[in-house]
Amino acid sequence: MQTRAPLVVGRDRELRVLDRAIADAKTADGTAVFVVGEPGIGKSRLVRETAGQAFAGGTRVLRGRGSTIGPTVPFRPLAEALLSLFRGGTPPDDKELGPYRPVLGRIVPDWSRGESAPDDGSLVVLAEAVLRLTAILGKDGGCLLVLEDLHEADAETLAVVEYLVDNLAATPTVLVGTIRGEPSAALDLATSAAQRGSATLLELRRLDLPQVRQLVASCLEVEPPQVPERVASRLWQDSAGNPFMAEELLAGMVDGGVLVGGPDGWREVAELRTEVPPTLVRGIANRIDRLGPRGRMLLQTAAVLGHRFPLSVVQHVADMDDRTLLSHLHAGVAAQLVTADEPAPDWYAFQHPLTGEALLTMITPTDRADLSRRAADAVETLHPGLPGEWCQLVAALRMHTGDTAGAARLFAEAGRRALADGAATSAITLLERAENLLSDHPDTNLRAEVLESLLYALAEAGRAERAFELAERLNRWEGANLPPSRRAALHVRLAYVTKVTGQRQEGLAQVAAARALLGENPADEDIAPLDAVAADLAVELPGRDRKREAEKLARRAIAAAERVPLPEIACQAWVLIGTIARDRDLVESSACFEQSRLLAEEHRLPIWRVYGVYEQARNDWLSDGDPGGLDRVRHEALRVGAITQSYVVDASLCMHEVMCGQYDQAATSIDTCETATRRLRLSYVTMYLQMTRAVLAAHRARRREMEEALAAFHGSGGEQAPEQALALGMGEVFCALLEEDHERSREAFERLQRNEEDAPSIFSLSGRHGLRVLVDVLDGSLDPAGFAEISAEAMAGMRWNRQFVLLARAVLAGRAGRQADAAAAVAESLAVSALYPMTRHLGLRLVAEAAIVDGWGEPETWLRQAEEYFHQVDVPAVASACRALLRQTGAAVWQRRSGTDRVPAALRALGVTAREYEVFQLLVDRVGNKAIANRLHISPRTVEKHIANLVTKTGRSDRDALHDYAAAMLGE
């Protein structure tokens, strides 16, 4: 007889669904399947059968299961699944995984490079990394990712699973998860995924009587008709069709001598009496009794630890030598009570969760508390510092001993670790558990310490309302025996919450409360984080002094952080100061970013290093327009796994392409980057790209497209975002100018100015120090003194702004009669604007009008160049304005006829018409006027006129020279 059926009974349809999913994955048509049902219904058995068949068919199989000590072990199922790569196969190398390898280091220690979690622990980036990994593993034969007991999984694991479910299509990966059929976040996830067609839901039903008979027959190793009718009926009735229960009840019948096998088969020798679940408990108890007192103690100790248990801890508590331990353990395995846990060595598990639960019912509360205490002591001895999940395990054990303070401390520590790993939701779960344990505890200092960490976790998770609910407890603690520094730290945390949520005034109130508590001589470790968050709040407030006050606070934070030391606070403050200094001096700004970079490198803070290097690269780009530094930062971000920051750089490069007139390339880059950021849910980067799309449409004079892009941008909250300044100054202003609607452009500039007063922008290219300067000089609203003041500022020296400032200088010089100075300023502007063709020619069109009025420069040449450019890029309003201004100067203006686009740009710039170009082409063959006339169906006299025009326009000396020029230009 076998205690467990050797085959899967009654699941043929489910097996077909799973087999089809694996077959489809081999053709890159991945999917997700969730197996749902009550405990003991056969979820794990079905998945094991599927995994075995998949492995035999060449599919890569990864397996993990949810934590059994509650939803508090971040990424446990994923960690188990991915760790199997180092035991059952060769993991992908660095080249295959690229920047996602260090991201996976958060859950696979073998891939960690000792760096902090990249991208601030973004769950979406981690989920993408898992998706990339399974795609690599399954490229040859598919990949099966099995995650069991998802109802026990942490929230972060479920977030990763949800992402995978929605993105498995077109990948060679099948995700199979098992979930208990009772309310849980995992079941909600599976149901929702099935409803939207992203997954298949397999709900396992209880077996009917024939299926239970077949199950029993396989255990008894006979044919179904040989199973006694009354035995099959009673097992089906008492198990309610639950396979595990039926097997346990059958084992109880056999062990109790009720069902006996002989030469004539199995027969009943006593009255069939079974009760559920007491019979199950007794059946397990009988099997345990056969293991002896030491064996019983071993399994009871294991049950205290959970469904899965580490053998080393059990041995320490049971005080057994290796031989005795293994002897009893093997007896438990033989009795099919426990089994080796495949994902990890030294770990075993009960055959079914009900086994462990039944064992716990056999232990008195006093004995359980004693075993829990001894187990906790053993774990602390074997694993000093309680790394990883040991901290949560010991916390749970201490709680069962009645040591609420000790349990709370450990749950809080586990929560802080989870937060550092980017698992904010699990951190909140753990910290709230600690906070609840301490609700009536007299140690208010400990309670405040836990609350401080909880507030930070709530802020990171965006749960500000819950944070402010907890903040009310501060008022009740004002008279408690709580050090002022601890109460101040709580207010600092609340100020951080308000910074994240944009509630500036409330943040200032929290800062003020913290300062009042700290008094006149606060300790450095208290004042540094306070001044840092106060600086972040101050820089976002309206008013002329906001930046000066923010910088003062940031520098004070740096001084205190250096004395403690707190390198992360110092890095944060240096980056803020560098951003503030950008307005006044790029050299000073760059020095601040360099200081942040050096600190980050010294203290091994790779992400802060990327932040500092990125801001420095932005300075270089703003200064000279060279994107090379941004490209290098992008590669650096990818190298350390800072994928989010790499998309921030990509977004900046998209704007660079727009500014350089690379419109088709920019459109493609924006589409590609926005698709990725939406997939990764990087909403703030997506918002920047929406703004950039609006700017792209504006620079092409496509108002409808611009307004559609702006609607999407504003729908994402763009009107209150700093990017609104760019949407106005780089978008709406330019679109109006390219429509020759100067009144509308002025109105957009006025809105930009109001926006800057209400919500100061951190962007330097919105126009205040560039295009606005030129427009104001042209209409006379900016005099030479005002121009001198603005042009002396650092932002006016940035390359994009400098092209307009130089043209404004030329206009002022021309009005003052300094024609040489005006010409020199235009020449310098043309050199600067060589990188930006659209603004180069728009500037020429604008400055030419002033040059005509004041009688200086070469307005006719500038207008012809501008007309040619805007005709080619299909901006008719500006092209028409250029032609109108040319007529005002008395210059000849040609008509734009059909076929003009075929004329080479060099000839169009000289005024060569489409018909003249037809004649020019025939000159290559050196034919006479009559032959040309016959080919073009015009008169010889007209041909002679066209040739004369061509000689004049091209500056050739005679017809022969024109022949040579045509042959050279057309490649003959």
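Is W856 buried or exposed? In this predicted model, W856 is buried, with 3% relative accessible area. W862 falls on the buried side too, at 7% relative accessibility.

Those two tryptophans also belong to the ring-on-ring story here. The structure has eleven aromatic pairs. In one of them, the W856 and W862 ring centres sit 5.8 Å apart, and the planes make an angle of 65 degrees, so this pair is edge-to-face. The cut-off behind that label is simple: planes over 60 degrees apart count as edge-to-face, while those under 30 count as stacked.

Y917 and F920 give us a stacked pair, with 6.4 Å from centre to centre and 25 degrees between the planes. Both residues are buried. They sit in helix 46, which covers residues 914–922, and because they are three residues apart there, about one helical turn separates them.

Here are the two pairs laid out:

| Pair | Centre distance | Plane angle | Type |
|---|---|---|---|
| W856 and W862 | 5.8 Å | 65 degrees | edge-to-face |
| Y917 and F920 | 6.4 Å | 25 degrees | stacked |

Rings can gather in groups as well: F734, W800, F804 and Y836 make up one aromatic cluster.

Then there are the arginines. R76 lies over the face of W347, 5.6 Å from the ring centre. R956 does likewise with Y965, lying over the ring face at 4.1 Å from its centre.

Definitions and conventions. Residues numbered from 1 in each chain as written. Predicted model: local features only at pLDDT ≥ 70, side-chain atom pairs only at ≥ 80, totals over all residues. Heavy atoms only, no water. Phe/Tyr/Trp six-rings, centres within 6.5 Å; stacked < 30°, edge-to-face > 60°. Buried < 20%, exposed > 50% of the residue type's maximum accessible area, 1.4 Å probe, protein only. Helix = DSSP H or I, 4+ residues; strand = E, 2+ residues; numbered from the N terminus. Lys NZ or Arg CZ within 6 Å of the ring centre and 35° of its normal.
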